[in-house]
Amino acid sequence: MSFVAWQDKLALGIEEIDNDHKGLFDLFNQLHDTYAGGQGDEALDAVFGVLIDYTENHFRREEKLMARHGYPGLAAHREAHKNLKKEVLRLYGQFKDGGEKGMCLELLGFLSNWLYFHIMEEDQAIKASIDRET
């Protein structure tokens with residue numbers, strides 16, 4: 001069973017972004033499975049690294065899309081991305097400094113809640129704005 005599961009109601013109908021979001025769900029599940037399977041700090045560190053890089057690339061693609069369509073909420077959306085990156089890097093830093101592995105669960109809970117909310121509220125607004133253009 002997955003820690004987080006993709007739901008069709010999350011789809012924006014923008015293939016590149018939907019695929020990125022599905023990839024994030026997959027990475028959250030990989031991080032959870034690595035943690036739950038007791039695979040150790042080295043394995044967790046590897047998944048963290050992939051998740052951080054993937055998220056950065058996704059945010060870049062999403063922000064380019066918003067800029068290309070003149071999305072009026074770009075600055076606020078970019079700030080939300082920046083705040084998430086800051087929090088993830090803070091938690092990752094604690095992990096690297098020998099923090100509790102339980103922090104992994106804290107991070108997973110935080111990320112899954114953030115992602116669901118972010119897609120349902122903020123990313124759906126992007127879709128609505130783009131749809132109004134066409």
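Tutor: Let us begin with the term itself: on a 1 Å grid over the protein atoms alone, a cavity is a set of points where a 1.4 Å probe fits but cannot get out. Grid points are joined across faces, edges and corners, and the volume is the space filled by probe spheres set on those points. What you see is a predicted model, where local features need pLDDT of at least 70 and side-chain atom pairs count only at pLDDT 80 or more, while totals for chains, interfaces and linings use all residues. Residues are numbered from 1 along each chain as its sequence is written, and side-chain values use heavy atoms, with hydrogens and water left out.

Searching the whole structure turns up 1 cavity of 30 Å³ or more. The volume of the largest cavity is about 60 Å³. Its lining, meaning residues with an atom within 4 Å of a point, consists of Leu24, Phe28, Thr55, Phe59, Leu84, Leu111, Trp114 and Leu115. By class, that makes 7 nonpolar residues, 1 polar residue and no charged ones. Here Ala, Val, Leu, Ile, Met, Phe, Trp, Tyr, Cys and Pro count as nonpolar, Asp, Glu, Lys and Arg as charged, and the others, Gly among them, as polar.

Where do these residues come from? Helices are DSSP runs of H or I, at least four residues long, numbered from the N terminus. At least two lining residues are supplied by each of α1 (15-36), α2 (41-68) and α4 (102-133). The largest share, 3 residues, belongs to α4.

Phe28 sits in α1 and is buried, at 4% relative accessible area. Buried means under 20% of that area, exposed over 50% and partly exposed in between, with a 1.4 Å probe and protein chains only. Beyond its neighbours within four places in sequence, Phe28 is in contact (heavy atoms within 4.5 Å) with Val4, Leu51, Leu108, Leu111, Ser112 and Leu115. Also in α1 is His32, which counts as buried at 19% relative accessibility. Setting aside residues up to four places away, His32 touches Phe3, Leu105 and Leu108. After α1 comes Gly38, with a positive phi near 65°.

Next comes α2, whose end C-alpha atoms are 40 Å apart, in agreement with the 40 Å that its 28 residues should span at 1.5 Å a residue. The buried residues of α2 include Leu51, Thr55 and Phe59. Leu51 has a relative accessible area of 2%. Apart from neighbours within four places, Leu51 is in contact with Leu24, Leu27, Phe28, Leu31 and Leu111. Just after α2, Gly70 has a positive phi of about 65°.

Leu84, another lining residue, is among the buried residues of α3. Helix α3 (residues 74-96) has 23 residues and reaches 32 Å between its end C-alpha atoms, close to the expected 33 Å. Not counting residues up to four places away, His81 touches Phe59, Glu62, Glu63, Met66, Trp114 and His118. Between His81 and Thr55, 26 residues apart along the chain, the C-alpha atoms are 9.2 Å apart.

Finally, a look at the aromatic rings. Rings of Phe, Tyr and Trp (its six-membered ring) pair if their centres lie within 6.5 Å; planes under 30 degrees apart count as stacked, over 60 as edge-to-face and the rest as tilted. The whole structure has 4 aromatic pairs. In one of them, the rings of Trp6 and Phe25 have centres 5.7 Å apart and planes at 90°, so this pair is edge-to-face. Trp6 lies in the segment before α1 and Phe25 in helix α1, so the pair ties together parts 19 residues apart in sequence. Phe25 is buried at 2% relative accessible area, whereas Trp6, at 23%, counts as partly exposed. Ring pairs link Trp6, Phe25 and Tyr116 into a cluster.

Definitions and conventions
1 Å grid on protein atoms, 1.4 Å probe; cavity = no way out; pocket = protein on both sides within 12 Å on 5 of 7 lines; lining within 4 Å. Expected span 1.5 Å × (residues − 1).
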